[in-house]
Amino acid sequence: LGASVGVMGVVAALITGIGLYVVAEYDHQIERLDQASKRALYGESLNRHVTAVVMEARGVYAAPNTEKAKQFAEGILTQLDEVDSVIEKWRPLVEPQDLAAFNAMADKAATFRTFRAETARLGRDVDPAQANAQGNTDENRANRKAFQADIDAIVATDLEDYQNIQLELVGFENTMRTLLLAVAGLGILLGTGAAVYIGTSQLGRPVTRLTAAMRSLSEGDFETEVPGADRADEIGEMAQAVQVVKDNGIKMASMTAQEQAAALKAAARTKTMEVFQAEFDEVVEAAMAGD
């Protein structure tokens, strides 16, 4: 019985261990998924701020004077600060294998900031026309498009990572579900098998054989072999007790009628002496107590 419970205990511990591993690994994968989604979100946000800088710069180009250009210039600087903020929040989430591409993009962001900050300064403090001449060029537009293309490439990588992690999660869930079902099924089979084996081979059959031997002995068949006397468990103790009954029965059977009567008389005398001794002890104790 202890072995049967032990088997089920091992299976329960194994299932618990697998469950704890699943929770830990699932949390890890969810964290990776969350980071990938945040990286993609930061990339899209960065693109939006870069586009906002371009729109503000167009306002500077079209302004008739520095006073009118001032609000657009301030808008450029505000959006450039947002670009730096996004990159700062994005950097800690970048995977090691993607860090080189990210750093290259960040370098272009720094160059973009320097160039566009100068556009804002010219429009606000000098002349919008000079800002237009400085910033509204094909070369600048090409540089900005290359910068945004780098951002798009990194975002595409992050989205691909996100999709791959999703697929890994689905595969992990299926694998763990199969593993848990297999372990639970195996545990049930082992527990049931152990219970059946113990119930039949170790308990049911020995007790049945011992019961049959006791019945035969009670009928006077002292040739009956007592099974299980060599066992070291409770059934073995029962069998040993039955063996004593058998041995006594054999001794009694080998005696003559006169010897049996003498043996019974001796046994009765012994019993009488035991009773007398007990009563005598009671009397002595009562006398000592003053009765």
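The model is predicted: local features need pLDDT of at least 70, side-chain atom pairs count only at pLDDT 80 or more, and totals for chains, interfaces and linings use all residues. Residues are numbered from 1 along each chain as its sequence is written, and side-chain values use heavy atoms, without hydrogens and water.

I begin with the core. A nonpolar core is a set of buried Ala, Val, Leu, Ile, Met, Phe, Trp, Tyr and Cys residues joined through side-chain atoms within 4.5 Å. Buried means under 20% relative accessible area, exposed over 50%, and partly exposed in between, with a 1.4 Å probe and protein chains only. The largest such core holds 30 residues, and L46, W90 and M105 have the most contacts inside it. At least two residues each come from helix 1 (2–62), helix 2 (66–90), helix 3 (99–126) and helix 5 (138–218); helices are DSSP runs of H or I, at least four residues, numbered from the N terminus. Helix 2 gives the largest share, 8 residues.

I turn now to salt bridges, each a side-chain nitrogen of Lys or Arg within 4 Å of a carboxyl oxygen of Asp or Glu. The whole structure contains 12. D161 in helix 5 and R39 in helix 1 are 122 residues apart.
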